[in-house]
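Subject: Structure handover

Hi,

Here is the structure I promised to pass on.

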Amino acid sequence: MSNFERSRDRDRDRDRDGDELTEKVIYINRVAKVVKGGRRFSFTALVVVGDGHGSVGVGLGRANEVPEAIRKGSTLARRQMVRIPMKGGTIAHPLLARFSAAKIMMKPASQGTGVIAGGAVRSIMEAAGVTDVLAKSLGSRNPVNVARATVKGLGELRDPESTRAHRLAIARGEV
């Protein structure tokens, strides 16, 4: 391995601010394609990447080998990271997010509550650095759709102070 490859591998685990990124595999699925000679197997890996300070991304990688699928998934997750406005260790306000048939209800929780969530939602919240939240998956239990609904919902979160200031500016006619 050359020095260039080593430095590239080190940099891959850091985001723009220099923070360490945590990477976790949520779900691995074996997919079979029936061809003339029999079945051809490939793998999909759902990977979450976060910095623990309010940024998180989810990626779905597909490849013929599991490690390659995980690598592709983490690359996609790094590209699709979203910033979460947090109030202390919890989310800014309650919300209901939907992706396909998966619905995720997320509510802020008081300090010390912990992450009350299951499966993909728990992994995403921990990677983002959310320490106190109540979440419930409604509808579909498909990990891919649940993860996408969670990230979509976290992306829709708004900072209450900046939203209030913006609304006051609109009411005054400044915007």
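Predicted model: local features only at pLDDT ≥ 70, side-chain atom pairs only at ≥ 80, totals over all residues.

Residues are numbered from 1 along each chain as its sequence is written, and side-chain values use heavy atoms, with hydrogens and water left out.

On confidence: pLDDT is the predictor's confidence in each residue, from 0 to 100. The chain averages 88, and 89% of the residues score at least 70. Strand β3 (residues 55-63) has the highest confidence, with a mean of 96, and helix α1 (residues 3-12) has the lowest, at 44. Over residues 2-12 the pLDDT stays under 50, and the model has five contacts beyond four places in sequence for that stretch. (Contact means heavy atoms within 4.5 Å.)

Now the overall layout. The chain has five helices and 10 strands; these are DSSP runs numbered from the N terminus, with helices being H or I of at least four residues and strands E of at least two. Of its 175 residues, 37% count as buried, where buried is under 20% relative accessible area, exposed is over 50% and partly exposed is in between (1.4 Å probe, protein chains only). Among contacts between residues at least 6 apart in sequence, 55% join residues at least 24 apart.

Next, the inside. A nonpolar core here is a set of buried Ala, Val, Leu, Ile, Met, Phe, Trp, Tyr and Cys residues joined through side-chain atoms within 4.5 Å. The largest one has 31 residues, and Val 56, Met 106, Ile 124, Met 125 and Leu 154 touch the most other members. At least two of its residues come from each of β2 (38-50), β3, β7 (95-99), β8 (102-108), α3 (119-128), β10 (133-139) and α4 (143-156). There is also a second, separate core of eight residues, including Leu 21, Val 49, Ala 63 and Ala 69.

Ala 97, in strand β7, counts as buried because its relative accessible area is 1%. Leaving aside neighbours within four places in sequence, Ala 97 is in contact with Ala 102, Lys 103, Ile 104, Met 106, Ala 149 and Gly 153. Beyond four places in sequence, Ser 123 touches Lys 24, Ile 26 and Val 48. With Val 48, the C-alpha separation is 7.3 Å across 75 residues of chain.

What about the helices? The expected span is 1.5 Å times one less than the number of residues. Helix α2 (residues 66-79) has 14 residues and reaches 20 Å from first C-alpha to last, close to the 20 Å expected. Its buried residues are Ala 69, Ile 70, Gly 73, Ser 74, Ala 77 and Arg 78. After α5 comes Gly 173, with a positive phi near 85°.

Finally, one for the side chains: the charged end of Arg 30 sits over the ring of Phe 41, 4.2 Å from its centre. (The cut-offs are NZ of Lys or CZ of Arg within 6 Å of the ring centre and within 35 degrees of the ring normal.)

Cheers
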